[in-house]
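Dear colleague,

Please find below the structure that I am handing over to you. My notes on it follow, and I would be grateful if you read them beside the model.

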Amino acid sequence: MSPITRTDTARRFTYTDCFPLKSIGHILARYTAWIWGLLQIFGVWGVFVVAFADSALLGMPVDAIVAAYVYQDRHKLLLYVILACLGSTLGSIPLYLVGFYGGEKVLRKRISEQRFLKIHDSFERHEFWALMFPAMLPPPMPFKLFVLGAAVFEMRFRDFVIATFSGRFVRFFVLSLLTLWFGPQVVQLAGILFRRHIFPVLIGVIVLLLAGLWYWQRGKRKRPQSPR
């Protein structure tokens, strides 16, 4: 499975005669082609591998890859979402351990004192939502900082895993539905909207989540109980 071919990717980045941009374009083209070649080897597990690497090592285009997989085979939507959630959750565990054993200094040297106190306050008020909400949002949300914060502020490991998986599930599931409606290009549009309108997007996600929970609870109450 290869939604983007090597030839198409190379053409995309060779539109300019400017040497620095052309060099960067070649690097990006080779990097993209390498990722898709790697995904062909792993098959459906490619989503898991990329999500794990994105959380554990370096930033990877996990949203674009999930969208491409879902767009090519919509019947496996839920499988791809779950694999991406598992990979992202398991990939966050090494960083959690770094924060747990490194203590506050690991987090303090990466952010300002004001940001540190703000994250600390959010975990003090409700640690589960303090981690789940950032897990729901796409880049440039610095989710790795909140993973470190969860460990530094002694969030229980079980709750850490559940909050991370839940947030990622909402993120990838909503992304998959939008991909089926609007196509894979929705990833780029979502990134632009998030950068320019972070608070409305966050409020919208929260409203959708609460509406979904309300609808699920309502349906649960309406189910007829089986006679004893």
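In what order do the elements of the protein chain run from the N terminus on? They run α-α-α-α-α-α-α-α-α-α-α. The protein chain has 11 helices and zero strands; helices (H or I, at least four residues) and strands (E, at least two) are DSSP runs, numbered from the N terminus.

This is a predicted model, in which local features need pLDDT of at least 70 and side-chain atom pairs count only at pLDDT 80 or more, while totals for chains, interfaces and linings use all residues. Residues are numbered from 1 along each chain as its sequence is written, and side-chain values use heavy atoms, with hydrogens and water left out.

Confidence

The predictor's confidence in each residue, pLDDT, runs from 0 to 100. Its average over the protein chain is 76, and 64% of the residues score at least 70. Confidence is highest in H5, at a mean of 95, and lowest in helix H1 (residues 6-12), at 43. Over residues 4-19 pLDDT stays under 50, and the model has 15 contacts (heavy atoms within 4.5 Å) beyond four places in sequence for this stretch. Residues 191-199 also have a pLDDT below 50, with nine contacts in the model beyond near neighbours in sequence. Where pLDDT is low, the predicted coordinates should not be read in detail.

The chain as a whole

Of the 228 residues of the protein chain, 38% count as buried; buried means under 20% relative accessible area, exposed over 50%, and partly exposed in between (1.4 Å probe, protein chains only). Among contacts between residues at least 6 apart in sequence, 76% join residues at least 24 apart. The chain exposes about 14,100 Å², of which carbon and sulfur atoms supply 65%; accessible areas come from the Shrake-Rupley method with a 1.4 Å probe, and for residues only the protein chains shown count as cover.

Helices H8 and H9

Helix H8 (residues 143-152) is mostly covered, with nine of its 10 residues buried. Among them are Phe143, Phe146 and Gly149. The buried residues of H8 pack against H5, helix H6 (104-108), helix H7 (113-136) and H9.

Helix H9 covers residues 157-182; at 1.5 Å a residue its 26 residues should span 38 Å, and its end C-alpha atoms are 37 Å apart, which agrees. The expected span is 1.5 Å times one less than the number of residues. Buried residues in H9 include Phe160, Thr164, Arg168 and Arg171. Gly183 follows H9 and has a positive phi, near 95 degrees.

Thr89 is found in helix H5. Thr89 counts as buried because its relative accessibility is 3%. Leaving aside neighbours within four places in sequence, Thr89 is in contact with Val161, Thr164 and Phe165.

Val50 lies in helix H3 and is buried, with a relative accessible area of 5%. Val50 and Val62 are 12 residues apart along the chain, and their C-alpha atoms are separated by 6.1 Å. Phe52 is in helix H3 (residues 46-56) too, but is partly exposed, at 32% relative accessible area.

Phe52, Leu78, Ile82, Leu86 and Leu90 make a nonpolar surface patch of about 380 Å².

With kind regards

Definitions and conventions: Patches are made of residues with over 30% relative accessible area and no salt bridge: like charges are joined within 9 Å, nonpolar side chains (Val, Leu, Ile, Met, Phe, Trp, Tyr) within 5 Å. A salt bridge is a side-chain nitrogen of Lys or Arg within 4 Å of a carboxyl oxygen of Asp or Glu.
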